[in-house]
2 protein chains.
Amino acid sequence: MPLTLDEVREQDRQDPLAPFRSRFALPQGTIYLDGNSLGAQPSAAVGAVDGLMAQWRDSLIQGWNQGWFDAPERLGDRLAPLLGAAPGEVLVTDTITHNIFKLLGYIVEGQGITEGQERARPVILSEGGNFPTDGYIAQGFCRFGGFEHRVVPEGEALDTYLDARVAAVVLSQVHYRTGRLRDMAAITRQVHASGAEVIWDLAHSAGALPVDLTACGVRYAVGCSYKYLNGGPGAPAFLYVRHDCQGQAWQPLSGWLGHAAPFAFEADYDPAPGISRFRTGTHSPLAFAALEASLTLWQEVDLGQLRRKSQRLIELFRESLSDCLGEHGISDITPEEAQRGSQVGLVEREHGYAIVQALIARGVIGDYREPGLMRFGFAPLYLSHEDVWRAAQHLREVLAEGEYLALRFQQRGAVT
Amino acid sequence: MPLTLDEVREQDRQDPLAPFRSRFALPQGTIYLDGNSLGAQPSAAVGAVDGLMAQWRDSLIQGWNQGWFDAPERLGDRLAPLLGAAPGEVLVTDTITHNIFKLLGYIVEGQGITEGQERARPVILSEGGNFPTDGYIAQGFCRFGGFEHRVVPEGEALDTYLDARVAAVVLSQVHYRTGRLRDMAAITRQVHASGAEVIWDLAHSAGALPVDLTACGVRYAVGCSYKYLNGGPGAPAFLYVRHDCQGQAWQPLSGWLGHAAPFAFEADYDPAPGISRFRTGTHSPLAFAALEASLTLWQEVDLGQLRRKSQRLIELFRESLSDCLGEHGISDITPEEAQRGSQVGLVEREHGYAIVQALIARGVIGDYREPGLMRFGFAPLYLSHEDVWRAAQHLREVLAEGEYLALRFQQRGAVT
């Protein structure tokens, strides 16, 4: 039985996370269900960015001694509690693309392959249908490094693919299309037992649900900060290397800020101890300022409450639509609660894109991914139960009134 | 005969670039001679960054369809005229570190080396004493890719090093320590004649002097935008690939935004045509906004005037000091006009660091590079002749009064 507006407003009154909504700047008249693609703006980010611009103006080069230089480590330490990581295990740097490349290079060098020898483990495994950049960079790594790239079909178990020739596996904890949550602890054990390493991509789990890298026995992970973590468009990504796995090799993008003594200007690269060796070139303090404002806010968030609200919002959305999707040929591919992240996936291959456009015209922002996937993300810090209830009503009306039919031939933009 | 204050003020009145000074925000009481490390802030950058923050707030994900997505190519085209490049030949992306790695990988793949074969050209050459990150990333590239890294001693000709085993050379047009300007046309011809490729690092020449990549026959170059180009701290770097050298290989950091159809979410990497294949992961539109404001201002600059003023300021500084350096054991390593960029280098091994600190205490910001180098950069857009004259007077007084002696045991900061 779908809830009434009064009932969902009562849920908002009882929501312990409701006060966070006022900490975000959201445009009037918009219900934003695309925080899984680009998070909304924490109001504090504006002051942080203004402050950075004033610091550039007034301190000029000396800004580098005033918090800019060590921002990758400082923000990493702020992020660590959200990931179940310890201080010194997380570095904010570069993009997921770069970070996967660095970790793959680091892992295979750590496995002790030397030039001229046959590689004992010449295979890099990734999952079909994973977010493209993860597969693309694995392909570039393999092509350049002389490895073989193999693909596990989407959703299949690793069992038959994980043989003694596999050096490393790249997997997402939450799948960007289906929203499926992998059993990170079990798969990590399985991969380690086979003698390989696994790099977990947390793009759709960091800030979406409690992540516990330590408890899951994870050694290597990457993620971005512009989705659920609300760090701003193109905000810097992060990587995680467990303490006892640090210091055993070079990473291939050996830039000067990853040097043990960057300002000694030595002739030879000497990797910094600890997580800092995964730094590369000079980062943008401006981009870090916006992210730091968001991570400061995240220190106040109870991740158990976050998970409960995320799942409640998903159920509310699905319950509000359960009686109308089938008649419009829409299938709901959202996994059951224990196996999902914080998004809902609805598939309609012919009209999916147009339906999303019709929703956007009504101020309900979701996104569309080929082929046929309408994706709705639920960011519990700034979405109310009423927002989600209204979004479902809009979708019901779009379907009932065929609003999308006029939009079906519209040209598809680069990003929706 | 050193000039009087009245004489330098007359030079300021006759300076055609003088109006640009009012377009920069410079702190009161500071004479900034470190634009070769971090450029001053164009006032327009503040509005540009504010605008980007408002766009994130209001447009959310749709910002990517409103100028964010194609910023790497758009800003590359804005930069092209400053480099003697054509539209479509310059991409703003990543850092110099990443861009050298990408270009090295692209070049060696383009040379047709296939797996399992012996490499015909297994050597990467770089210059000793070059900016560290250029050497460090060449080392990382060689270590990971199975190449041999060889070093030409600083300032030596390439002749005896450039044999048939060299795949690529990494060189700076202007040396970061000495300020020496290389003959880019002659060296490029020499390297090409040997069958190798050369990647030019323009970090200390872009925005410091007229660069003409086309006339010099250059095929590959990189550079940063946070020095003379005033793009802001850690602003994105750029790379140049000549039109006829595009499209012949993959680059190893094959991220999704370098894909021919990034939003088709295809399984396999298919490099974009043209310069876009050198894109990697998701860039920060915030960092691009500040740089775009600066590049807009640069469209108005006459590079011939820029060069003349740069050299006039350098001569003014050196003439004002010529009678006092020797007695304090300071040697002036600045090359003669035709062989230099836009900086002055003074060396005092024992007290150099303390002298720079004493100048900073007086509001004259230069920088210090081990061992013993006091570096003063001359950015003609925001420095007046009077600034430079006054800076020289301050240095004379610091030396005459021994002000630096009290500072000689001061701990050396990370960045000065």
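# A guided tour of chain A

The centres of domain 1 and domain 2 of chain A, taken over C-alpha atoms, lie 31 Å apart. This is a predicted model, in which local features need pLDDT of at least 70 and side-chain atom pairs count only at pLDDT 80 or more, while totals for chains, interfaces and linings use all residues. Residues are numbered from 1 along each chain as its sequence is written, chains are lettered from A, and side-chain values use heavy atoms, with hydrogens and water left out.

**The two domains.** Select 5-17 + 302-407 for domain 1 of chain A, then 46-298 for domain 2; these bounds come from an automatic or database domain assignment.

**The interface.** Here 22 residues of domain 1 of chain A are in contact with 19 residues of domain 2 of chain A (contact means heavy atoms within 4.5 Å). The area buried between the two domains of chain A is about 1,700 Å², and carbon and sulfur atoms give 60% of this; buried area is the accessible area (1.4 Å probe) that two parts lose on being put together, summed over both. Select Leu303(A), Gln343(A) and Leu381(A) next: in domain 1 of chain A they lose the most area to domain 2, together 30% of what that side buries.

Then display α8 (303-321) and β15 (373-377) of chain A, each of which supplies at least two residues of the side of domain 1 that touches domain 2. The largest share of that side, four residues, comes from α8(A). Helices (H or I, at least four residues) and strands (E, at least two) are DSSP runs, numbered from the N terminus.

**The sheet.** Turn now to the open sheet of seven strands, whose order is β4-β10-β9-β8-β7-β5-β6 (chain A), with mixed pairing; two strands pair if DSSP finds at least two bridges between them. At the edges stand β4 (90-92) and β6 (148-152) of chain A, each with a single partner strand, so one side of each has no neighbour in the sheet.

Select β10 (residues 238-241) of chain A beside β4(A): the two pair in the antiparallel sense over three bridges. Within β10(A), Tyr240(A) is the bridge partner of Val90(A).

**Helices on the sheet.** Helix α4 (residues 96-110) of chain A packs on the sheet and touches β5 (123-127), β7 (166-172), β8 (197-201), β9 (220-223) and β10 of chain A. The direction of α4(A) makes about 170 degrees with that of β9(A), where axes are lines fitted to C-alpha atoms, for helices over the stretch in contact, and angles run from 0 to 180 degrees between N-to-C directions. Finally, select helix α6 (residues 184-193) of chain A, which packs on the sheet against β7 and β8 of chain A, with its direction at about 155 degrees to that of β8(A).
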